Every structure is written in C-alpha cells, then in structure tokens.
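User: Could you take a close look at the nonpolar core of this model and walk me through it in one connected account?

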Amino acid sequence: MSDDLSQMREDYSLGSFRRTDLDECPLEQFSKWMNDANSAKIIEPNACTLVTSSISATPSTRSILLKGIENGHFLFFTNFGSRKARELKENPQGVLHFPWWGIQRQVTVEGSVDLLDEESSEEYFHSRPLESRLGAWASRQSEVVESRESLENAFEEMAARFGENPPKPPFWGGFRLQPMTMEFWQGRTGRLHDRFRYSRTTENEWKIDRLSP
Ligand SMILES: Cc1cc2nc3c(=O)[nH]c(=O)nc-3n(C[C@H](O)[C@H](O)[C@H](O)COP(=O)(O)O)c2cc1C
C-alpha cells in the first residue's frame with residue numbers, strides 16, 4: 001500500500017497565475033476564484049477546513065460551510081458548545097482553507113474571529129430547511145452521544161416541541177473571520193507553483209508578495 005501511495009502524483013498544468021492577474025483586493029480575487037470553482041463544478045466550493053487552536057496551542061480542524069462574506073468578513077455558523085466554538089472563545093484566531101483540488105488551486109485565509117450579531121444569526125437560521133433547524137436543537141455538538149437512537153429520539157422530541165417553527169437555539173449562531181492574510185495558490189508543473197499572499201497593512205490596504213512554492 002505504501003508503495004502505491006508513493007507513486008500517486010498529479011502534474012499540475014491547468015493554469016498559471018501572475019502578479020498582473022491579481023486584483024488589488026483579495027476579497028475580489030477570492031470572489032473570482034470562487035466563481036471559477038463553481039463553474040468548474042467543484043463539489044461544495046464553499047466547503048472549507050476551519051483550523052482553531054486551544055489556549056494551550058493544541059490545534060484542531062474540521063470542515064465547515066462558508067455562508068457569506070460581509071463587510072470583508074467570512075461568515076460561518078455552528079453550535080456555541082462545540083469544540084471549535086470553545087476554542088474560538090479562548091483564542092479568537094482561525095484559518096480557513098479552501099481545497100479546490102479539481103482546479104489545482106487552494107486559498108488559505110488567516111484572521112481573527114468574533115461573533116456575528118444576533119440578528120444576522122437569526123436571519124440565517126430561519127433561512128435553513130426545517131430538518132436542519134430541528135437538528136440544531138437536537139445536537140449537543142462535539143459531546144459524546146449514547147447512540148444513534150438517542151440522537152434520533154432527541155430530534156423527534158424537538159419536532160414535537162416546536163412543530164414547523166423552531167426558534168433559533170440560544171446555543172447556535174454565526175462567527176465572522178476578518179482576514180489578516182489571504183494566500184492564493186495555483187499548481188504548476190515541476191512543483192514550481194504560483195503562490196501570492198496578501199497581508200493587511202491598514203484597514204483597506206494590502207501588501208502582495210509572491211511566495212516560493
Ligand atoms: C462539507 C461539510 C460541511 C460542514 N459544515 C459545517 C458547518 O457549517 N457548521 C458546523 O458546525 N459543522 C459543519 N460540518 C461538521 C463539522 O465538520 C464538524 O464535524 C462539527 O462542526 C463538529 O466540529 P468540532 O467538534 O471540531 O467543533 C460540516 C462537515 C462537512 C463534511
């Protein structure tokens with residue numbers, strides 16, 4: 001098996017990326033690449049990896065869905081009792097990684113994280129399908145659960161309690177990540193990939209550097 005793994009490799013030749021191709025604003029650049037990922041039929045292009053870290057610097061990672069970009073902040077939603085939310089409370093720094101392997105690209109966004117306002121969390125919660133809204137009530141995310149059956153029972157209890165109109169649980173809502181750096185990576189042949197990193201210098205200004213692959 002390890003032999004098979006060692007022989008697995010792709011040549012990255014789909015595209016190239018020069019300094020002159022870049023938008024001065026990384027959020028605009030992100031939006032262009034998100035459109036490309038969408039047009040290329042990447043499965044769930046808004047799915048990304050969120051990395052957090054505890055106060056003692058133990059990292060943890062999981063997939064989440066990016067649900068919007070507002071005023072330069074990346075928005076996602078989760079349970080406030082979850083491991084990620086607990087870690088963000090004690091150490092409000094995060095990394096989002098968008099793995100668009102199918103178009104030989106990745107984007108990495110690092111920044112500080114705070115809570116989204118309650119009104120926006122309410123609005124998004126009520127836009128979700130009923131099952132997802134009930135599921136949010138039924139799940140004590142990241143805690144040990146006795147069995148699949150107990151989870152399904154909790155769901156049925158919530159369905160009986162709230163019917164068609166569950167309110168937003170007080171333990172569920174949005175976070176927003178404000179980017180400090182954003183890196184755009186395009187795979188190239190011979191592992192000489194194109195990497196450009198935007199670093200925030202002031203609120204609306206960014207320095208752009210090419211990084212060695
Ligand atoms: C594609 C995909 C998207 C996901 N999106 C979310 C999300 O937006 N919010 C969320 O809380 N969990 C989401 N999950 C589940 C998380 O990956 C994770 O299992 C859960 O949030 C618990 O993580 P934690 O224990 O590290 O806090 C998603 C999983 C996958 C595979």
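Analyst: What follows describes the core and then a second one.

This is a predicted model, in which local features need pLDDT of at least 70 and side-chain atom pairs count only at pLDDT 80 or more, while totals for chains, interfaces and linings use all residues. Residues are numbered from 1 along each chain as its sequence is written.

The chain holds 6 helices and 9 strands, these being DSSP runs numbered from the N terminus (helices H or I, at least four residues; strands E, at least two). Of its 213 residues, 24% are buried, meaning that 20 or more other C-beta atoms, placed from the backbone, lie within 10 Å of a residue's own.

A nonpolar core is a set of buried Ala, Val, Leu, Ile, Met, Phe, Trp, Tyr and Cys residues joined through C-beta atoms within 7 Å. The largest such core has 23 residues, among which Phe-74, Leu-96, Val-107, Val-109, Phe-175 and Leu-177 touch the most other members. Two or more residues each are given to this core by α2 (26–39), β1 (47–53), β4, α3, β5 (93–100), β6 (105–115), β7 (172–186) and β8 (194–202), and the largest share, 5 residues, comes from β7.

Leaving aside residues up to four places away in sequence, Phe-74 touches Leu-66, Ile-69, Leu-96, Val-109, Arg-176, Leu-177 and Pro-179, where contact requires C-beta atoms, placed from the backbone, within 7 Å. A second, separate core of 5 residues includes Leu-134, Ala-136, Trp-137 and Ala-138.

Conventions:
A residue is buried if 20 or more other C-beta atoms lie within 10 Å of its own, exposed if 12 or fewer, and partly exposed in between; C-beta atoms are placed from the backbone. Two residues are in contact if their C-beta atoms, placed from the backbone, lie within 7 Å.
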